[in-house]
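Student: I would like to learn how to read strands and helices. Could you walk me through this model?

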Amino acid sequence: MFYSFVVPVYNRPNEVDELLQSLVYQTYQGDFEIVIVEDGSTIDAKLVVDKYADQLNVSYYYKANSGPGNSRNYGMKNAKGNYYIILDSDCILPQEYLQTVDNYLNESFVDCFGGPDNALDSFSNVQKAINFAMTSFLTTGGIRGGTERLNKFQPRSFNMGISQKAFETSGGFGKIHPGEDPDLTIRLWNLGFESQLFPKAYVYHKRRIDFDKFYTQVNKFGKARPILNQRYPSYSSITYWFPSVFIIGFILASVFLMLGNTWLFKLYILYFILVFLFSLQKEKSIYVSFLTIYAVFVQFIGYGLGFLKSNYILNVLKKKAEVGMPEMFFK
């Protein structure tokens, strides 16, 4: 196979630099290319890309802003490979990443795969806390992992592979954002393609660098899920309600506490103690572990409120998603 890395980027030349640097050191001995798609940035990465022209087979395209999904489609249409690997610009690859992917596909080919993410020691404390919140089995990372089997996995577009055949048959990513990756995966399933989790094909993912941006991100994740549930009801799950139930439960626990009933509030304290201890075991930092508690709280609040708002708009007001939540779609 000839692999094409497709990377949309918006105003993040420094991230592109780190990603390309990690691609220089890949241990994979076969040919591969990198397609950078600049999505209408005002601070472009052209000079950064040019710096690697002698070390990598890399091409650069600049287009008007149309969102990451459309930019990925644009990159795949212009790619020369027959298997596309979609990455976010804020990812850094371990040296053995592409070789690991190649091993998986040669052992048991699949038209769509997804891989996990991890954090580097060099990441900021906030990034490490957010990474834990997004990947731990104690949080929404556990909800996602518990509802998706390894051979029925919904890849996330920061680390996702798709064959040329699957892309051309499906038409690629849709206009919803976020949520374009599970939307594509479900359409692929309905077309008869399979997806799979490659557990060892991980990337280092920086994610958001502060809690305000993190809240905005997870709030949109929460809004996206009811839209997908409405589109594909057979793939909806009761577990997606958990962050909203968590919020409602926390409010009730606070009310009960003021009335002198402490049992429910103690359960929340126990939960956050577990989050602290598991984070401490992983990160070996008391400060990061305290930040993790806050990150998890922000995650549940953001996702849960977004989920409830989206359900209200779709199922109570009976509005179409594009009308009630235009911010979730690129034109």
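Tutor: Gladly! Two strands pair if DSSP finds at least two bridges between them. Helices (H or I, at least four residues) and strands (E, at least two) are DSSP runs, numbered from the N terminus. Our model is predicted, so local features need pLDDT of at least 70, side-chain atom pairs count only at pLDDT 80 or more, and totals for chains, interfaces and linings use all residues. Residues are numbered from 1 along each chain as its sequence is written, and side-chain values use heavy atoms, leaving out hydrogens and water.

Student: How many bridges join β5 to strand β10?

Tutor: Strands of a sheet pair through backbone hydrogen bonds, either parallel or antiparallel. Here β5 and β10 (residues 203–205) run antiparallel, joined by 2 bridges. Cys-91 stands opposite His-205 in β10.

Student: What is the order of strands in the open sheet?

Tutor: The order is β5-β10-β7, 3 strands with mixed pairing. Because β5 (91–92) and β7 (117–118) each have a single partner strand, they stand at the edges, with one side of each lacking a neighbour in the sheet.

Student: In which sense do β2 and β3 pair?

Tutor: Strand β2 (residues 32–39) pairs with strand β3 (residues 58–63) in the parallel sense, over 6 bridges. Ile-34 faces Val-58 of β3 as its opposite.

Student: What span does helix α12 reach?

Tutor: The expected span is 1.5 Å times one less than the number of residues. Helix α12 (residues 286–316), with 31 residues, reaches 44 Å from first C-alpha to last, close to the expected 45 Å. After α12 comes Lys-318, with a positive phi near 60 degrees.
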